[in-house]
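Here are my notes on this one, jotted down while going through it. Have a look at the structure first, then read on.

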Amino acid sequence: MAAESMFNRPVCVQVRCQGCEERRLNVRVNIELLSISNPVQKKDLAVRLTDDTDPFFLYKLVISEEDFQSLKSQQGLLVDFSAFPQKFIDLLQQCIQEQNKDIPRFLLQLVSSASVLDRAPVSLNVVETNPFKHLTHLSLKFLPGNDAEIKKFLASCLKCLKEDKMMLEEKLRKTEEDLTRQLSYTQQSLSEKSQELDKLKNEWTSYTTALTNKHTQELTNEKERALQAQAQYQQQHEQQKKELENLHQKSIQQLQNRLSELEVINKDLTERRYKGDSTVRELKAKLSGIEDECQRAKQEVLSLRRENTTLDAECHEKEKLINQLQTRVAVLEQEIKDKDQLVMRTKEVLDATQEQKAILEESTEKKQSHIEKLETTIKSLSAELLKANEIIKKLQGDLRTLMSKLKLKNTVTIQQEKLLAEKEERLQKEQRELQEMGQSLRMKEQEVCKLQEQLETTIQKLEESKQLLKTNENVITWLNKQLNEIQMAKKLETSASTHGGVRTAISPHGMPDRPSFPSSGINHPISPLYAFQNFPEPAHNKNANSQCPVPKIQFNNTQLSKMNRCSDVQTVTATSHPANKENGDNLGLESKYFKKKDDSIPLRGLSQNTLNAEYLKPYLSTKAQSSPKAAVMPASAYFPG
């Protein structure tokens, strides 16, 4: 099952619960497209609602194609299942764009029938607000996640956090290395730069001393030059002062002359002023008379205005009449222009017709001469026509007989055409049926090919499972034999210990005494196969009883599941030590080998301190050569846990 992530962003959601106030909550919406290819290729849309602040907040919804059809019919959707995820994402993005506004146009609502969002199904609504009402574009029902789903979600979150942590640690390590390198490099460069600075300081001090000496000399020279320039400027200033005094005296004389002229002008102006005052008095007297006349004129103006209003109304009506007449005149002028154009065209047509008339007269004269010629030919032809008429009459009689025959033929051909049309229609229908049958045949051939492929895969799997079963049965029979040998050896050992007190025993096959390992906690004789192997030194662990190294043997998980089904394994029973109950005593092996797992097979009656993995080495080497699949077995096949 492959999952394709399409959308994973936090969205502001308006939460509504029964009997509670509305509140806003930032909910992370995760949309994934799940493609399942067993047994048929299917695609499901999985939507998950989580809260970054609350890890136990989990709501899930999985929509298959069948569920979408019912949702489409219920809510009147116009989109197919393939385009539905993208349209849903577009609606969510519009909600994200509008969520910071005071009155958002698009908003998400999480509505719950319970009083609190806890273990109750909720519905996610995409709502569009307009001035009239709230329009729900889409409503999806989400189920709360159970404990297993929450644990799975938390585990995935923890995994992601650990991966992020590992990434950040690697980045930190790299940055630390880079910074240490940069620091060492900068320290080296700093030491080099400090040496260069010392050199530059020494050079700068020598350079500044030389410059100060040079500048002092230049200053003394400049001071001498300034004193000389100052003396020159003083001489120039005195000369300019004398010139300015002379100019000033000249200007004073000119101003005095001007003053005398202005006094004369002033006397003339005073005389004119007196004359003006006398004229002003006369004008005031005239003004009083004019004001009286003005009042009279105002009264006349009022009367004239009244008359003017009446005249304006009359003028307005006359203007309307004038406008109407002007429009009529314009229309008439346009008609006159059109008529003039028509007259011009008729004149042109007349000229053309006169020219044509002259041409036609010439042609008629020519045609009359031609007609005279034709008349002579017609007279000669009329005699021939009389002869031809007689021939035509004979031919008409023949034609009548032929027409009667043709009518008969036409009736026959019409009937044949009708039959042909019916046959063509039948042919078209049969061709359509043939095409439909061909399409259905192709579809069935494709289905047959698919079924054959499935059959081949199932046959291969069956053969593999049969081979695995055979190998598992062989392993189980071998284990039973080994168990029986060990139990027999144990019995012999106990009988020998009661008689002689010596820990030696004879194998059922007549082999010599086998060594025992009391230090490792194994107090029984060992198999002859194990006697010739190289024994590794015992590892000293924390537990005193778990000093014998036990090599792990690997099985396939598929073999284990089939070994669970096998009935032979469940019937393996043997008499063992009284303290051994369902592999209860832990003399010799660590406690981790005796924990029961779901995919393990409990070997009833097998003592943990008797079975050593070295028994299996020669058998596994031979089996690995014969069947490589059976050589890989997990240790849980022999040691539960």
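The points below cover the pocket, the annotated stretch and the aromatic pairs.

1. Keep in mind that this is a predicted model. I began with the largest pocket, which holds about 830 Å³ of space. Its lining runs to 29 residues, with Asn30, Glu32, Arg48, Phe153 and Ser156 lying nearest the centre.

2. Who builds that pocket? Strands S1 (2-16), S2 (23-36), S3 (42-50) and S4 (58-63) and helix H3 (147-499) each give two or more residues to the lining. H3 has the largest share, at 10 residues. By type, the lining splits into 15 nonpolar, 4 polar and 10 charged residues.

3. An unreviewed UniProt entry puts "domain: SAS-6 coiled-coil" at residues 147-176. In the model that stretch is 100% helix and 0% strand, with its end C-alpha atoms 42 Å apart.

4. Now the rings: the whole structure has 5 aromatic pairs. One of them is Phe68 with Phe84, tilted, at 5.0 Å centre to centre and 50° between the planes. Phe68 sits in helix H1 (residues 65-75) and Phe84 in helix H2 (residues 84-98), so this pair ties together parts 16 residues apart in sequence. Phe68 counts as buried because its relative accessibility is 0%, and Phe84, at 4%, is buried too. Ring pairs also link Phe68, Phe81, Phe84 and Phe88 into a cluster.

5. Trp204 and Tyr207 make another tilted pair, 5.8 Å centre to centre with 40° between the planes. Both lie in helix H3, 3 residues apart, or about one turn of the helix. Trp204 is exposed at 55% relative accessibility, while Tyr207 is partly exposed at 45%.

Notes
Residues numbered from 1 in each chain as written. Predicted model: local features only at pLDDT ≥ 70, side-chain atom pairs only at ≥ 80, totals over all residues. Heavy atoms only, no water. 1 Å grid on protein atoms, 1.4 Å probe; cavity = no way out; pocket = protein on both sides within 12 Å on 5 of 7 lines; lining within 4 Å. Points joined across faces, edges and corners; volume = space filled by probe spheres on them. Helix = DSSP H or I, 4+ residues; strand = E, 2+ residues; numbered from the N terminus. Nonpolar A, V, L, I, M, F, W, Y, C, P; charged D, E, K, R; others polar. UniProt positions renumbered as here; feature names shortened; annotations may be inferred. Phe/Tyr/Trp six-rings, centres within 6.5 Å; stacked < 30°, edge-to-face > 60°. Buried < 20%, exposed > 50% of the residue type's maximum accessible area, 1.4 Å probe, protein only.
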